[in-house]
Amino acid sequence: MGTTEPVAAARPRRRRRGHYTAYLYLLPALLLIVGITYFGVGYNFWASTLDWNGIDPNPTSIGLGNYVEISQDPIFWTALTNVAVFGVITIVAQMVIGLALALVLSGPIVGRAVYKAIVFIPVVLAPAAISTAFRQFLRPDGQVNAVLDAVGLGFLSQAWIADPTWALYALAAVNIFQWTGFSFILYQAALSQIDSSHLEAAQIDGAGTWRTIRHIIVPQLRSTHITLALTGVIGALKTFDIVFLITGGGPGRSTEFLTTYIYKMSISQFHVGYGAALSVVLLLLALALTLVQMRVYRYEQED
Amino acid sequence: MIGRPTHRSRVIHQLLATVAVLPFALPLYWIIAISFEGAGASANYSAVVTKTPFVQFLINSLVMSAGTVAIVFVCTMLAGYALGKLHFAGRELLFRAIVAGMMLPVIALIVPIYMLVRQAGLFNNFLAVIIPLCTVILPMTILLTRNYIQGLPEELLDAAKIDGATSFGTLIRVVMPLSRPIVAVIIVWSFLNSWNEFLLPLLFLQNESLQAITQIPTYFTATYGSDVPKIFAALVLMCLPIVTAYLCFQKFFERGLTAGALK
């Protein structure tokens, strides 16, 4: 460390020291990530080959038995379908509404900051708080139906979360309420990057507002669309809190998600081996979908 | 942005914006309005604060969030610096190994985490929540920090080196002061994720005096049944800290939350 040493002589020693300290710097993060994430993934693979309640010290190995069972498990397929439907609805709606809000709020608006804050506040709220509130709002005598009544759409009133036909859509609506602020902010940032001369050129060419949006603005936001689709897919696969707290997967299995099914199997019903196998399926799904989207993303970038 | 603002278009814009924001404003308004119903605002709120362990839950959540933020911050700065500026064998490999965990949902690791917590005897211990939380937050914060630190000008670090600074000294005196924007992102991201975490406290903190603030609604419903206004008063109190923080540091929150998406 001596500052009096000639720089040339000190250099090789420093470099070597830097070499080892680098691993030291990485150690805390690596301990956590290897110790929990990597250990966890490995443990899941191992536990997924067992018929195990999580307590028995001598579980029976059943090879791929759990996976065979999963492939024939109607609840698994229901859960997968539910996640897919939920994912498509929420991703599309959050993108469309987020972009619409960003466009509308880019106009000459008084109190823009207040509007923006209102849309973004749900993003920072705990899903646990939002879920509790919406359980109340979505009751048959709740606020949502009251509003429908008030605007003359009383015939649309539903028991929402108590009705198996509507419960999944109700959950999607709650998710849209919470997360649209996120896509809104991203679109707003991207819109501010668009060269306004393009827009002016389009207007001079006589393109109307709608045509300007469709043909000039929407294509230029491509990387934001892709980012939102990517985070949306992972977000849908991860969704747990609002389902667990609003419907608990019901009525029946009408809102069962892979995550709630994993929770029920591993924690409530002690089918730890089966829960681990479901977890592996969820991990592989998340990984596969991410890889596919990264591919698309890269392909688009090269375009 | 589109068209020239005439008086008429101004009015139309304002109307459109108000209608578009209404579905977001109404539920927020209802949450507050319902908390004023029943016995009245002051009775509801004072009942929540004085007759329930609300304050205890709040303190517990603060402790867990502070612990998570601190651990994530230290691990992220050290790792981000090493991966961004130091040269060593296997750097790229280690970087990828760390970032690969980014897409993992916690729930997919619930079986192994449960077994680890049981093995380590950490039930009813904040560490059972803090450590897994840090693990899922780290890949994202390390990715962002490494990219940021990598972009810092090499000359500044070289100058420190010539002045005889150790690599740790360089981190503290040169890199850290230049990293304020990314530090804000790390803090916002890790605080929000820990403050709002529901599943881990649910699983590992069964002792009533240790519960997190996200357990408030469940706790209330179990204890008070259908006293809806009081439950909503608790919701308002539970959301207040995070909404206040957001309103004070809007820029950091928006940047912190979207930084991951923008890479």
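Q: What radius of gyration does chain A have, and what would a compact globule of 303 residues have?
A: The radius is taken over C-alpha atoms, and the globule rule is 2.2 Å times the number of residues to the power 0.38. Chain A has 26 Å, whereas a compact globule of 303 residues would have a value near 19 Å. Along the principal axes, the C-alpha atoms of chain A fill a box of roughly 70 × 65 × 35 Å.
This is a predicted model, in which local features need pLDDT of at least 70 and side-chain atom pairs count only at pLDDT 80 or more, while totals for chains, interfaces and linings use all residues. Residues are numbered from 1 along each chain as its sequence is written, and chains are lettered from A and ligands numbered from 1 in the order in which they are written.

Q: How many helices and strands are there in chain A?
A: Helices (H or I, at least four residues) and strands (E, at least two) are DSSP runs, numbered from the N terminus. Chain A has 13 helices and two strands.

Q: Which domains does the assignment give for chain A?
A: Domain bounds come from an automatic or database domain assignment. For chain A it gives domain 1 (7-61) and domain 2 (71-302). Their C-alpha centres lie 34 Å apart.

Q: How many residues of domain 1 of chain A are in contact with domain 2 of chain A?
A: Two residues are in contact if their C-beta atoms, placed from the backbone, lie within 7 Å. By this rule, 11 residues of domain 1 of chain A are in contact with eight residues of domain 2 of chain A. On the domain 1 side, α1 (7-47) and β1 (50-51) of chain A each supply at least two residues. The largest share of that side, four residues, comes from α1(A).

Q: How many residues of chain B are in contact with chain A?
A: 70 residues of chain B are in contact with 77 residues of chain A. Several helices each supply at least two residues of the chain B side, among them α3 (54-85), α6 (127-150) and α12 (228-248) of chain B. The largest share, 13 residues, comes from α1(B). For classes, Ala, Val, Leu, Ile, Met, Phe, Trp, Tyr, Cys and Pro count as nonpolar, Asp, Glu, Lys and Arg as charged, and the others, Gly among them, as polar. The chain B side divides into 57 nonpolar, 11 polar and two charged residues.

Q: Is A:Ile185 buried or exposed?
A: A residue is buried if 20 or more other C-beta atoms, placed from the backbone, lie within 10 Å of its own, exposed if 12 or fewer, and partly exposed in between. A:Ile185 counts as buried because it has 23 C-beta neighbours inside 10 Å. A:Ile185 is in helix α7 (residues 167-191) of chain A. Leaving aside neighbours within four places in sequence, A:Ile185 is in contact with A:Phe120, B:Glu254 and B:Thr258. In chain A, 42% of the 303 residues count as buried.

Q: Which residues have the most contacts inside the largest nonpolar core?
A: Such a core is a set of buried Ala, Val, Leu, Ile, Met, Phe, Trp, Tyr and Cys residues joined through C-beta atoms within 7 Å. The largest one has 166 residues, and those with the most contacts inside it are A:Leu171, B:Ala79 and B:Leu235. Domain 1 (7-61) and domain 2 (71-302) of chain A both give residues to this core, so it lies between them. Leaving aside neighbours within four places in sequence, B:Leu235 is in contact with A:Ala129, A:Thr132, A:Ala133, B:Ile31 and B:Pro217.

Q: What is phi of A:Trp160?
A: Most residues other than glycine have a negative phi, and most peptide bonds are trans. Phi of A:Trp160 is near 35 degrees, a positive value. A:Trp160 lies in the loop between α6 (143-150) and α7 of chain A, and it counts as buried because it has 24 C-beta neighbours inside 10 Å. B:Asn124 also has a positive phi, about 60 degrees. This residue lies in the loop between α5 and α6 of chain B and, with 13 C-beta neighbours inside 10 Å, counts as partly exposed. The peptide bond from A:Gly250 to A:Pro251 is cis, with omega near -5 degrees.
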